[in-house]
Amino acid sequence: MATTVPLTSLSSGAGCGCKLAAADLLPIVRTLPASDDPRLIVGTPSGDDAAVYRLTDDIALVHTIDFFTPLVDDPYDFGRVAAANALSDVYAMGGLPITAMNVVAFPLEQLGGEVLGAILRGGLDVVTAAGASIVGGHSIKDDEPKYGLAVTGTVHPDRVVTNAGGRAGDVLVLTKPLGVGAIVTAAKRGAADDGLVAAAVDVMVALNAGASEAALAAGVHAMTDVTGFGLLGHLHNVARESGLAAEVDADAVPAIDGVEALLRAEGAVSGGSARNAEWAATFTRFDDGVAPWRSRLITDATTSGGLLVALPESRAAEVPGVVVGRLVDGPPGTITVQ
């Protein structure tokens, strides 16, 4: 359906690219006292994808929330992308989503109820496809539309997958191609055609359920999803929490067809991606032979990206995706891009 006012014209950012910069946010969050509840299996300090709380000896709850500004103009697609993105955090912990609650900020008088209804239907359809239920939500009036979900999932306490379990020698499998941030930024600036935007939407709405299931079956050691902080930012968290360094083969990182042409110039680099690059420079060494467009690709502020799975090399072929690097001994959190 068409909107009278393009959704992206009302947003100052785009999808996960509107996140606060990690370099600015993390020092603030780390000043807050951590919970000492012994039932909290995963909390804030590790910078993981979701919180995990032990309910019984056999059940733990996985809690996450994610919402953002529009990155596409079609309201139904916006709802689908936001829902898939929020659900991804549960899959990254090895869990299964069970319920979700809508988070809405919306200029109802300007855009109308039909547009909001399409956004909510998009979210509902993706949550339903994931086998979970929308059980309520909360809304506020806001001149800049925002939508997302608070999701609850379940996982066995002994089967939680965190970002801290990586082992030296593990390979890193990425389950979706990168470039979403560049595409939606270029589209907002009139430099990406409808076909390229449609390709990005297809990548974003694909659930990470199957990839998570495959990773669990293959003996995953650590896992995260690649979203607003880019591949290098999220890999940094895995390496740091695992007490290891990481290597990335830049040429192996998959890109959506058509993204290379966009990233050969800087016009498709969003503000969020530029902030990612600045942050990554504090813990990453790039070999001289790395193409500039690939450096931009691996710091691209992604929305609803794939899983980054650390597991034994002998099991890597069991996970749908591409081997893009490995974990190695070295200063925790540091990355070498080759």
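**Close-up views of a predicted model**

**View A. Helix 2 packs against helix 4.** Helix 2 (residues 75–92) and helix 4 (residues 113–129) pack at an angle of about 40 degrees, and their axes lie 7 Å apart. Axes are lines fitted to C-alpha atoms, for helices over the stretch in contact, and angles run from 0 to 180 degrees between N-to-C directions. Helices (H or I, at least four residues) and strands (E, at least two) are DSSP runs, numbered from the N terminus. Helix 2 and helix 4 are therefore oblique to each other. Angles under 35 degrees count as roughly parallel, over 145 as roughly antiparallel, 65 to 115 as roughly perpendicular, and the rest as oblique. The crossing of helix 2 past helix 4 is right-handed. A crossing is left-handed if the near helix is turned anticlockwise from the far one by less than a right angle, and right-handed if clockwise. On helix 2 the contact is made by Pro-75, Tyr-76, Phe-78, Gly-79, Arg-80, Ala-83, Ala-84 and Leu-87. Helix 4 contributes Val-115, Ala-118, Ile-119, Arg-121, Gly-122, Gly-123, Asp-125, Val-126 and Val-127. Contact means heavy atoms within 4.5 Å. The residues of this contact of helix 2 with helix 4 divide into 11 nonpolar, three polar and three charged. Ala, Val, Leu, Ile, Met, Phe, Trp, Tyr, Cys and Pro count as nonpolar, Asp, Glu, Lys and Arg as charged, and the others, Gly among them, as polar.

The model is predicted: local features need pLDDT of at least 70, side-chain atom pairs count only at pLDDT 80 or more, and totals for chains, interfaces and linings use all residues. Residues are numbered from 1 along each chain as its sequence is written, and side-chain values use heavy atoms, with hydrogens and water left out.

**View B. Gly-79 sits in helix 2.** Gly-79 is buried, with a relative accessible area of 0%. Buried means under 20% relative accessible area, exposed over 50%, and partly exposed in between (1.4 Å probe, protein chains only). Not counting residues up to four places away in sequence, Gly-79 touches Ile-119, Gly-122, Gly-123 and Tyr-147. Leu-244 is 165 residues from Gly-79 along the chain, with 37 Å between their C-alpha atoms.

**View C. Thr-64 belongs to strand 3 (residues 60–68).** Thr-64 is buried, at 10% relative accessible area. Leaving aside neighbours within four places in sequence, the contacts of Thr-64 are Asp-49, Ala-50, Ala-86, Asp-89, Val-90, Leu-149, Ala-150 and Val-151. Thr-64 and Asp-89 are 25 residues apart along the chain, and their C-alpha atoms are separated by 6.7 Å.

**View D. Helix 5 (residues 180–188) is mostly covered.** Seven of the nine residues of helix 5 are buried. They are Val-180, Gly-181, Ala-182, Ile-183, Val-184, Thr-185 and Ala-186. The cover over the buried residues of helix 5 includes helix 6 (194–205) and helix 9 (259–263). Gly-190 follows helix 5 and has a positive phi, near 75 degrees.

**View E. Helix 7 (residues 209–217) has buried and exposed residues.** Buried in helix 7 are Ala-211, Ser-212, Ala-214 and Ala-215. Down the axis of helix 7, the buried residues fall within an arc of 165 degrees, so they line one face of the helix. The arc is that of the directions from the helix axis to the C-beta atoms. The buried residues of helix 7 pack against helix 2, strand 8 (222–225) and strand 11 (307–311). Glu-213 and Ala-217 are exposed on the other side of helix 7. Just after helix 7, Gly-219 takes a positive phi of about 80 degrees.

**View F. Helix 8 (residues 230–242) crosses helix 10 (residues 271–280).** The axes of helix 8 and helix 10 come within 8 Å and cross at roughly 45 degrees. Helix 8 and helix 10 are therefore oblique to each other. Their crossing is left-handed. Gly-230, Leu-232, Gly-233, His-236 and Asn-237 of helix 8 meet Asn-276, Trp-279 and Ala-280 of helix 10. The residues of this contact of helix 8 with helix 10 divide into three nonpolar, five polar and no charged.

**View G. Gly-271 lies in helix 10.** Gly-271 is partly exposed, with a relative accessible area of 39%. Gly-271 and Thr-185 are 86 residues apart in sequence and 9.3 Å apart in space, C-alpha to C-alpha.

**View H. Asp-257 is in the loop between strand 9 (245–248) and helix 9.** Asp-257 counts as exposed, at 69% relative accessibility. In sequence, Asp-257 and Gly-179 are 78 residues apart; in space, C-alpha to C-alpha, they are 8.8 Å apart.
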